[in-house]
Amino acid sequence: MKQLQDALVDIETDAEQLLLARHLVFSGNDRMRNANREALTALRKRARTTKTSVSSPFEVIMKDMEGTSGKQLVKEICPTCGNHDPKEDTWLMFPGSDIFAHVPFHVAHTVLDKDQERLDYDTKKLQSFVKEKSFAISEKGALADIISPGIVKSLVQPHR
């Protein structure tokens with residue numbers, strides 16, 4: 001009986017961790033990623049650029065080489081800013097706070113890009129954790145001989 005009880009506690013602990021991770025993925029990170037993506041899209045619309053509308057550095061080099069020898073050959077163009085003034089001030093609300101700041105346009109989208117990368121990484125990490133816990137629970141399927149599959153399933157699925 002003690003062995004069964006320990007096995008149930010172990011499965012229930014894994015199931016709680018699995019549910020918490022799933023909740024974080026779907027309610028927390030996805031919501032923040034979508035809001036971040038919307039903000040980046042709004043900035044691109046304001047700058048009238050898309051991810052592919054800005055010339056590549058090679059195209060800029062070729063245009064600049066026409067008849068000039070003293071000019072800078074490589075002119076970096078931000079794919080989000082494009083020809084938009086990168087120093088134009090933009091309001092930015094920092095994630096997880098109620099703090100607004102008046103920052104240059106380039107800084108605003110750079111902060112949002114970095115946040116998007118971090119959120120993507122965190123989401124992938126949580127998804128890996130969900131897979132790992134799901135696998136761990138399914139590996140403990142030896143309990144199916146002792147406990148009905150319905151009970152194990154009820155431990156894994158969220159209660160509504």
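F100 is found in strand 2, which spans residues 100–104; helices (H or I, at least four residues) and strands (E, at least two) are DSSP runs, numbered from the N terminus. The structure is a predicted model, in which local features need pLDDT of at least 70 and side-chain atom pairs count only at pLDDT 80 or more, whereas totals for chains, interfaces and linings use all residues. Residues are numbered from 1 along each chain as its sequence is written, and side-chain values use heavy atoms, with hydrogens and water left out.

The protein chain contains 4 helices and 2 strands, and from the N terminus on its elements run α-α-β-β-α-α. Of the 160 residues in the protein chain, 25% are buried, where buried means under 20% relative accessible area, exposed over 50%, and partly exposed in between (1.4 Å probe, protein chains only). The accessible surface of the protein chain comes to about 11,600 Å², and 57% of this surface belongs to carbon and sulfur atoms; accessible areas come from the Shrake-Rupley method with a 1.4 Å probe, and for residues only the protein chains shown count as cover. Among contacts between residues at least 6 apart in sequence, 67% join residues at least 24 apart, a contact being defined by heavy atoms within 4.5 Å.

Strand 1 and strand 2 pair in the antiparallel sense over 5 bridges, pairing being assigned if DSSP finds at least two bridges between two strands. The bridge partner of L92 in strand 2 is A101. H102 also has its place in strand 2, and H102 counts as partly exposed because its relative accessible area is 44%. Apart from neighbours within four places in sequence, H102 is in contact with D89, T90 and W91; for H102 and T90, which are 12 residues apart along the chain, the C-alpha atoms are separated by 5.5 Å.

F100 itself counts as exposed because its relative accessibility is 52%.

Helix 3 (residues 105–139) includes Q116. This helix has 35 residues and reaches 51 Å from its first C-alpha to its last, close to the 51 Å expected at 1.5 Å a residue, the expected span being 1.5 Å times one less than the number of residues. The buried residues of helix 3 include F105, H109, L112, Q116, L119, T123, L126 and V130. An α-helix has 3.6 residues a turn, so residues three or four places apart point the same way. Q116 counts as buried because its relative accessibility is 13%, and, leaving aside neighbours within four places in sequence, Q116 is in contact with R33, N36, R37 and L40.

The structure holds 6 salt bridges, each being a side-chain nitrogen of Lys or Arg within 4 Å of a carboxyl oxygen of Asp or Glu. One of them joins the side chains of E88 and R46 (2.2 Å, N to O); because E88 lies in the loop between helix 2 (57–64) and strand 1, and R46 in helix 1, the pair ties together parts that are 42 residues apart in sequence. E88 is partly exposed, with a relative accessible area of 29%, as is R46, with a relative accessible area of 34%.

A further salt bridge is formed by the side chains of D30 and R33 (3.3 Å, N to O), both of which lie in helix 1 (residues 2–47), 3 residues apart, or about one turn of the helix. D30 is partly exposed, with a relative accessible area of 24%, and for R33, likewise partly exposed, the relative accessible area is 24%. In helix 3, the side chains of D122 and R118 meet in a salt bridge (3.5 Å, N to O), and because these residues are 4 residues apart in the helix, they are separated by about one helical turn. D122 is partly exposed at 25% relative accessible area, and R118 is partly exposed at 38%. Salt bridges that share partners also join D30, R33 and D120 into one network.
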